[in-house]
Amino acid sequence: MFDILHTHPDFLIINKHPGVSVHKDDGDTLLLQAIASLSGDDKLYLIHRLDKMTSGLLLLGRNSQAASELSALFAKRTVSKFYLAIGSKKPKKKQGLISGDMTRSRRASWKLINTQCNPALTQFFSAAAMPGERLFLCKPHTGKTHQIRVALKSVGSAIVGDPIYNASSKADRGYLHAFALGFDYQGERYQFVCDPREHQVLGNKWREAPVSQSIDAWLTPWTLNWPTIK
């Protein structure tokens, strides 16, 4: 269900496994209780969320004061977040910015539209993967529901194994992973990376040769030359 990767007096960093829900209406309390029983905390606070399909880094507060401070960092968009994804087709562009408003589509899905009233902003680089697929490193600047999944579909490369946006794609999981987090907390800089190749439960495709080579080049994603958004 999860691995505890870092223990701080005020917060925990976990690696959430794919297929595990963090939402209250779908077992969120169960996940937090399971983590607390291992960490020895009476109560843990969810600072941000990951889709059930998405694996990787999740930040949890260990007391209400820390939770309030850490939540404020996300609200102010001062947390650096980086995701890995494997797309099912060659994208319309290999890198750049995906920007647009998100609106409800069919059932549980969203879609990207051309207006820019309150846009979802996602920067990305991409690299070679197995034939017919593409590896993405995404840096979202906003925190919209399904943001990266919708963004990659909009450039023609819906995520491999995504049950909503790529229903015909069969895989051992939906290939979206919260790869790295960076933030300042009480005067100190914290940076965390969860390499999906190091955890068997996170899926086999991360260890495919071209994918693995590109992940090697991206292990410190905050040092890459991300263009400034105007």
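Residues are numbered from 1 along each chain as its sequence is written. In this predicted model, local features need pLDDT of at least 70 and side-chain atom pairs count only at pLDDT 80 or more, while totals for chains, interfaces and linings use all residues; side-chain values use heavy atoms, with hydrogens and water left out.

Helices (H or I, at least four residues) and strands (E, at least two) are DSSP runs, numbered from the N terminus. Buried means under 20% relative accessible area, exposed over 50%, and partly exposed in between, with a 1.4 Å probe and protein chains only.

Helix α3 spans residues 147-154 and contains R149. Because 6 of its 8 residues are buried, α3 is largely enclosed by the rest of the structure. The buried residues are Q147, I148, R149, V150, A151 and L152. Their cover includes β5 (80-87), β6 (96-104), β7 (110-113), β8 (120-128), β9 (134-140) and β10 (176-185). Just after α3, G156 has a positive phi of about 85°.

R149 has 4% relative accessibility and so counts as buried. Contact means heavy atoms within 4.5 Å. Beyond its neighbours within four places in sequence, R149 contacts D51, M53, I159, D162, P163, I164, Y165 and L176. Two of these partners, D51 and D162, are linked with R149 in a network of salt bridges.

A salt bridge is a side-chain nitrogen of Lys or Arg within 4 Å of a carboxyl oxygen of Asp or Glu. The count by this rule is 8. Three pairs are listed below.

| Pair | Closest N and O atoms |
|---|---|
| K205 and E133 | 3.0 Å |
| R189 and D184 | 3.5 Å |
| R197 and D195 | 2.7 Å |

K205, in the loop between β11 (188-193) and α4 (209-217), and E133, in the loop between β8 and β9, are 72 residues apart. K205 is buried at 14% relative accessibility. R189 is partly exposed at 38%, and D184 is partly exposed at 47%. R197 is buried at 16%, as is D195 at 8%.

A nonpolar core is a set of buried Ala, Val, Leu, Ile, Met, Phe, Trp, Tyr and Cys residues joined through side-chain atoms within 4.5 Å. The largest one has 63 residues, of which F11, I35, L59, L60, F183 and W206 touch the most other members. Strand β10 gives the most to this core, with 7 residues.

C117 is exposed at 73%.
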